[in-house]
Amino acid sequence: DDTTWGGEFAPLYLESVYVPEGLNLYVDVDKTPELKLVMVEGSLIFAPHTDPNHERYFDANYIFLNQGYMEVGTEEHPYTSKLTITMHGNISSPYLPIFGNKCIAVKESTLDMHGIKREPTWTVMNETSLPGATEIKLTGRVDWVAGEEIAIAPTGFNPREGEKRIIAAIDKSNPDIPVVTLDAPLDYKHFAMIQYYGDDFIDMRAEVGLLTRNVKYRGDPETSAPNQYGATIFLHSEGDDSLIARLEYVELTDVGQAFKI
């Protein structure tokens, strides 16, 4: 809305936005330009679309909550459509003191990010799958659907044998043992048995986790993984409980900054 910006145009590429105390900035646009600094001393509130499959995009280099509030849904009212927040920058980008860069920086503020509840977020395989398999059987009922991404844990000696796949289809005709068709064959064996030793047992079924959420927080996909320099959320107080952060059912992708404390 032009009135938000004093009757002028909305921010452009690499411009900064200041949300002063007492102002609530309601973000209901489908896509923003890549912003530089979003300084929040009032409220930054993301509004979901009425269509649950509609996706919105918010891009910035820094989001700094300074005695402010950022809301992407609440515990009582989760964000109901799709939102991707992408942070930009690299190790040489200017640092916010204490907080660094490519981050949501939270100081004496409240951060609420709540996606739609998913149940369960992970389960275990029902039987062993071999290399080349295009289907896996799960244990228990899931609300997962085609098009979502899953992770299958490694069960061998090499921890890098974990695999990610897209659900091409899912058969729930037997709801207690859903059958997932994968978008590509498995590269590795994934063991799924409970081994008994007298009265004792070890559950060695490979875990399968749902990675997809409707709210996604990520580093920019072009540089984050190659540079091992993704987005972060930095919560800082001096031990006085002056900030609150509540995050649930949020997907974190291309996050973390290697070789930094």
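1. A quick word on terms before the tour: helices and strands here are DSSP runs, at least four residues (H or I) for a helix and at least two (E) for a strand, numbered from the N terminus. Counted that way, the chain has one helix and 21 strands. Bear in mind that you're looking at a predicted model.

2. Now the overall picture. The C-alpha trace spans about 70 × 40 × 35 Å along its principal axes. The chain has 261 residues, and 40% of them count as buried. Take the contacts between residues at least 6 apart in sequence: 68% of these join residues at least 24 apart.

3. On to surface and charge. The chain's accessible surface comes to about 14,200 Å², with 53% of that belonging to carbon and sulfur atoms.

4. The largest pocket is worth a look on screen. Its volume is about 500 Å³, and 22 residues line it. If you want to find its centre, go to K82, T212, R213, N214 and E251, which lie nearest to that point. Strands β7 (82–87) and β21 each supply at least two residues of the lining.

5. While you're at β21, which covers residues 250–253, have a look at L252 in that strand. For a sense of distance, its C-alpha is 24 Å from that of T181, a residue 71 places away along the chain.

6. There's also one cavity of 30 Å³ or more in the structure. The largest cavity has a volume of about 30 Å³. Its lining is made up of V27, V29, F46, R56, Y57, F58, Y79 and L83. Which strand gives the largest share of that lining? It's β5 (residues 55–66), with three residues.

7. T74 sits in the loop between β6 (69–72) and β7. Its relative accessibility is 15%, so T74 counts as buried, the limit being under 20%. Setting aside neighbours within four places in sequence, T74 is in contact with Y69 and H114.

8. As background, most residues other than glycine have a negative phi, and most peptide bonds are trans. Here, E119 and P120 are joined by a cis peptide bond, with omega about -5 degrees. P120 belongs to the loop between β9 (110–114) and β10 (122–124).

9. I98 isn't a glycine, yet its phi is positive, at about 75 degrees. You'll find I98 in the loop between β7 and β8 (103–107). With 55% relative accessibility, I98 is over the 50% limit and therefore counts as exposed.

10. Q228 also has a positive phi without being a glycine, with a value near 50 degrees. This residue lies in the loop between α1 (224–227) and β19 (232–236). Why is Q228 described as partly exposed? Because its relative accessible area is 46%, and that label covers values between 20% and 50%.

Definitions and conventions
Residues numbered from 1 in each chain as written. Predicted model: local features only at pLDDT ≥ 70, side-chain atom pairs only at ≥ 80, totals over all residues. Heavy atoms only, no water. Buried < 20%, exposed > 50% of the residue type's maximum accessible area, 1.4 Å probe, protein only. Contact = heavy atoms within 4.5 Å. Areas by Shrake-Rupley, 256 points an atom, 1.4 Å probe, with all protein chains shown as cover. 1 Å grid on protein atoms, 1.4 Å probe; cavity = no way out; pocket = protein on both sides within 12 Å on 5 of 7 lines; lining within 4 Å. Points joined across faces, edges and corners; volume = space filled by probe spheres on them.
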